[in-house]
Amino acid sequence: KKLLSYEQQHRTMMGALDREYHFKLEQRDREKQVLRRELEDILKQLRTTEMEAREKVRAAEKRAAEERARAAEAEGKQREAEAHRTALVAQVARLHSELAE
């Protein structure tokens, strides 16, 4: 009779341990799923941030290229104006020399 009682207690304890083990496994799986979803959300945010940063870099590069083009154009116009001024000064000098003769 004692043996039956011990067997019954053993089965009860093993059943409780088994339920607790399975409960903890399910709890751990739920926690892993939550962490996985959080990680996926973070990765999506990172991808979005990366794309936004790339777009900003492209826009800044485009603005810089446009600014360089405007600067080169202004430099060219300045050279043209200086050449024109030099030509006018030479023309005025020539007219002065012709008048002096």
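Helices are taken here as DSSP runs of H or I of at least four residues, numbered from the N terminus. In this predicted model, helix α1 covers residues 2-100 and includes Leu43. Lys77 and Glu73 both belong to helix α1, where four residues, or about one turn of the helix, separate them. Their side chains form a salt bridge with an N to O distance of 3.3 Å. Glu73 has a relative accessibility of 46% and is therefore classed as partly exposed, since that class lies between the buried limit of under 20% and the exposed limit of over 50%.

The structure contains four salt bridges in total, among them the Lys77 and Glu73 pair. Another of these contacts joins Arg54 to Glu50, with 2.7 Å from N to O. Arg54 and Glu50 are four residues apart in helix α1, which means that about one helical turn lies between them. Both side chains belong to partly exposed residues: the relative accessibility is 48% for Arg54 and 41% for Glu50.

A further salt bridge is made by the side chains of Glu67 and Arg70, at 2.8 Å from N to O. Here the spacing in helix α1 is three residues, and Glu67 and Arg70 are again separated by about one helical turn. Glu67 is partly exposed at 45% relative accessibility, and Arg70 is likewise partly exposed, with a relative accessible area of 46%.

Nonpolar side chains were examined as well. Leu39, Ile42, Leu43 and Leu46 together make a nonpolar surface patch of about 360 Å². Within this group, Leu43 is located in helix α1 and has a relative accessible area of 34%, so this leucine is partly exposed. Patch residues must have over 30% relative accessible area and no salt bridge; the value of 34% for Leu43 is therefore over that accessibility cut-off.

Gln78 also lies in helix α1. The relative accessible area of Gln78 is 47%, and this residue is accordingly partly exposed. The C-alpha atoms of Gln78 and Gln9 are 102 Å apart in space, for a sequence separation of 69 residues.

Key: Residues numbered from 1 in each chain as written. Predicted model: local features only at pLDDT ≥ 70, side-chain atom pairs only at ≥ 80, totals over all residues. Heavy atoms only, no water. Patch = residues over 30% accessible without salt bridge, like charges linked within 9 Å, V, L, I, M, F, W, Y side chains within 5 Å. Areas by Shrake-Rupley, 256 points an atom, 1.4 Å probe, with all protein chains shown as cover. Helix = DSSP H or I, 4+ residues; strand = E, 2+ residues; numbered from the N terminus. Buried < 20%, exposed > 50% of the residue type's maximum accessible area, 1.4 Å probe, protein only.
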